[in-house]
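Please read them alongside the coordinates.

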Amino acid sequence: MSSAATTAAQSTKSAQPAAGPAPDATEAAASGAGGAPPEDGTPRVATDYSAYRVVAAKHPWRWVGTAVVALGVLGVALSLATNPRWEWGVVAQWFTAQSVINGLIETLKLTAISGILGFVLGFILALMRLSASPLLVSVSWTFSWIFRSTPLLVQMLLWYNLGYLYEKISLGIPFTDVRFFEVQTTTLISQFAAAVLGLTLNQAAYSAEIIRGGILSVDQGQLEAATALGIPAWRRSTRIVLPQAMRAILPTAFNEIIGLVKGTSIVYVLAYSELFYTVQVIYNRTQQVLPLLLVATLWYVVITSVLSVFQYYIERHYSKGAVRSLPLTPLQKARKFFATHAVANNRARSL
């Protein structure tokens, strides 16, 4: 009798609803949509999130860092604008002066000639270093070792004073008296020639290692697969190896070119009238040292900025196949920014 009463009481208790408020129909539908389907076979109802308010994530420390950096930038800008000792009027006067422009042209000429010749010679040295010939490998390694071990200033002075070691430079048949060409060394090695020789050979030593590293970065399995498919060696190099190696070569190569632009300033020891030497001559005459140095600095900044733009687009070109989608150009980023904000403003106005 007592056991039957206990069983009836338990069944009555289990039949009573649980304490607390009844679940909302939306929440029930959401739980049914996210979990197992309802047992009674009723269709699921999609949850309506339109009443929810979107709250942006808060980044307080980001704003603190931004404010600190903004104050620093503002302080530097005010110092540059309000300090009369910068003599911006003198900078504007000499920035486009004819003598400075002529020096700038000579700097660009040295950079272009030395950069092209340096990378061509560096490419040859890199292939020599990767060849199976012990002699070619030894010559390439020795060249890079010597020119990377000596300061560029010493190389410049050595080439300029080559006439002290060899009075004449001749071309003919070795070990005979036959001469096809002979000239005085001091006539052949001018200031310009010594500058180009020094910059080119120094650049070639570094370019050889950059190009060699880029070629070695390509997976050798691809070359083996191309060889197995019967692709000629020239096409393997130009269509498989180099396009992939360029992705590793370009960043360091452009750093070298930018360094070469600034490295031309060392040619002043040869009294060659490039940009830095021209500025020196002017401030030695006018005693306006800081403004003239600022003129040279600004021109170097302009050149390196242009090179950086070229670097961005060339790297973007060679990134094809390495990334799923090409990175947006600055112009495309600007268009996307304004288009996104225009859509946001239209939505705000409609609300």
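1. The salt-bridge count comes to four. The rule is a side-chain nitrogen of Lys or Arg within 4 Å of a carboxyl oxygen of Asp or Glu. This is a predicted model, in which local features need pLDDT of at least 70 and side-chain atom pairs count only at pLDDT 80 or more, while totals for chains, interfaces and linings use all residues. Residues are numbered from 1 along each chain as its sequence is written, and side-chain values use heavy atoms, with hydrogens and water left out.

2. Take Lys109 and Glu106 to begin with. Their side chains form a salt bridge, N to O 3.4 Å. Both sit in helix α5 (residues 98-130), three residues apart, so about one helical turn separates them. Helices here are DSSP runs (H or I, at least four residues), numbered from the N terminus.

3. Glu106 is buried, at 16%. The cut-offs are under 20% relative accessible area for buried and over 50% for exposed, with partly exposed in between (1.4 Å probe, protein chains only).

4. Next, the pair Arg129 and Glu209. Their side chains meet in a salt bridge at 3.0 Å, N to O. Arg129 belongs to helix α5 and Glu209 to helix α10 (residues 191-216), so this pair ties together parts that are 80 residues apart in sequence. Glu209 is buried, with 18% relative accessibility.

5. Glu209 also pairs with Arg212. That salt bridge has an N to O distance of 2.8 Å. Glu209 and Arg212 are three residues apart in helix α10, so they are separated by about one helical turn. Which residues does the network of salt bridges link? Arg129, Glu209 and Arg212 are its members.

6. A separate remark concerns Ala248. This residue lies in helix α12 (residues 233-263). Ala248 is partly exposed, with a relative accessible area of 37%.

7. What does Ala248 touch, leaving aside residues up to four places away in sequence? Its contacts are Gly214 and Ser217, where contact means heavy atoms within 4.5 Å. For Glu315, the separation can be given as a C-alpha distance. The C-alpha atoms of Ala248 and Glu315 are 9.6 Å apart, and the two residues are 67 residues apart along the chain.

Terms used. Helices (H or I, at least four residues) and strands (E, at least two) are DSSP runs, numbered from the N terminus.
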